[in-house]
Amino acid sequence: MKRFLFKLILWILILLILVSSVFIGLGYLKYKDAINNLSVVDAVNQIRAKENYVKLEDISVDYKNAVVAVEDHRFYFHKGIDIISMLRATYVNVRSSSLTYGASTITQQVGRLLYFTQEKSPIRKTAEIFVAFDLEKNYSKDEILELYLNIIYFGNGYTGIKDASYGYFKKSPKDLTFYEATYLAGLPNAPSVYSENEKLGEERRLQVVEAVNKYSE
């Protein structure tokens, strides 16, 4: 019986390695196809050239801290992917037999927003990881965070923190209060939900506040 279980586990591991290898290979091909059409440097430069682009130093410290706290609290310590979060997400996905729980770092999200759609698939996920590695190799953490804040969607047609700050609060990103900063930091998780439902928007903001408090400890 023990021998049978050992063989079964071994075959399962071999199967998982083979399946993972296929996804990694297909993800790499997707990544190469994307960057061959538009290099990472060119993609970044296109974002930076937009009229509503705002530098990191012109954004509220409260807002920057809130985003890192709620989206990727190990952002300044990992190299593009967060192994701990990925393992947790894998565990949750296996238990729920779904792919609904993500573990994308801020760098991965930048990679996805630069090149890919919101399609949930292991191939796209792998491709965005390869882009994340490129970003981490060529740009500083603050540069990557700056890109992220300029390309995320906040609902109501606002893309980027400058448009969102003026659109929701009629002020520059640098002048956001703590309340405003934590509200905006929560929107990109589900923009159409939180921006259109005051109660859910406030609940999300309080989640951000809790994340900020833990991040500050």
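Colleague: What makes the meeting of the Arg124 and Glu128 side chains a salt bridge?

Modeller: The N to O distance is 2.4 Å. A salt bridge is a side-chain nitrogen of Lys or Arg within 4 Å of a carboxyl oxygen of Asp or Glu, so this pair qualifies. Please keep in mind that this is a predicted model, where local features need pLDDT of at least 70 and side-chain atom pairs count only at pLDDT 80 or more, while totals for chains, interfaces and linings use all residues. Residues are numbered from 1 along each chain as its sequence is written, and side-chain values use heavy atoms, with hydrogens and water left out.

Colleague: How do you know that Arg124 and Glu128 are about one helical turn apart?

Modeller: They sit 4 residues apart in helix α6 (residues 122-138), which means about one helical turn between them. Helices here are DSSP runs of H or I with at least four residues, strands are E runs of at least two, and both are numbered from the N terminus. In general, an α-helix has 3.6 residues a turn, so residues three or four places apart point the same way.

Colleague: Why are Arg124 and Glu128 called buried?

Modeller: Buried means under 20% relative accessible area, exposed over 50%, and partly exposed in between, using a 1.4 Å probe and protein chains only. Arg124 has 6% and Glu128 has 0%, so both fall under the 20% limit. The pair also belongs to a salt-bridge network with Arg112 and Lys125.

Colleague: How many salt bridges does the structure hold?

Modeller: There are 11. One of them joins Glu180 to Lys171, with the closest N and O atoms 3.0 Å apart. Glu180, at 12%, is buried, whereas Lys171, at 21%, counts as partly exposed.

Colleague: What makes Glu202 partly exposed and Arg205 buried?

Modeller: Glu202 has 26% relative accessibility, so it lies between the 20% and 50% limits. Arg205 has 10%, which is under 20%, so it is buried. These two also form a salt bridge, with their closest N and O atoms 3.0 Å apart, and they are 3 residues apart in helix α11, about one helical turn.

Colleague: What makes Ser60 a cap for helix α3?

Modeller: A side-chain oxygen of Ser60 lies 3.1 Å from the backbone nitrogen of Asp62, at the N-terminal end of α3. A polar contact is a pair of N or O atoms within 3.5 Å; within protein, one must be able to donate a hydrogen and the other to accept it, and residues adjacent in sequence count only if both atoms are side-chain atoms. The 3.1 Å value therefore falls within the 3.5 Å limit.

Colleague: Which residues of α3 are buried, and what do they pack against?

Modeller: In α3 (residues 61-71), Tyr63, Lys64, Ala66, Val67, Val68 and Ala69 are buried. The helices they pack against include α5 (106-115), α9 (178-186) and α11 (198-216). Packing is judged by contact, meaning heavy atoms within 4.5 Å.

Colleague: How do you know that the crossing of α3 and α9 is right-handed?

Modeller: A crossing is right-handed if the near helix is turned clockwise from the far one by less than a right angle, and left-handed if anticlockwise. α3 passes α9 in the right-handed sense, and their axes come within 8 Å and cross at roughly 35°. Axes are lines fitted to C-alpha atoms, for helices over the stretch in contact, with angles from 0 to 180 degrees between N-to-C directions. Among the residues that meet there are Tyr63 and Val67 of α3 and Phe178 and Leu184 of α9.

Colleague: What makes a nonpolar core, and how many residues has the largest?

Modeller: It is a set of buried Ala, Val, Leu, Ile, Met, Phe, Trp, Tyr and Cys residues joined through side-chain atoms within 4.5 Å. The largest has 49 residues, and those with the most contacts inside it include Tyr63, Tyr115 and Leu184. Helix α7 gives the most to this core, with 6 residues.

Colleague: Why is Lys170 called exposed?

Modeller: Its relative accessibility is 67%, which is over 50%, so Lys170 counts as exposed. Lys170 lies in the loop between α8 and α9 and has a positive phi of about 55° although it is not a glycine.
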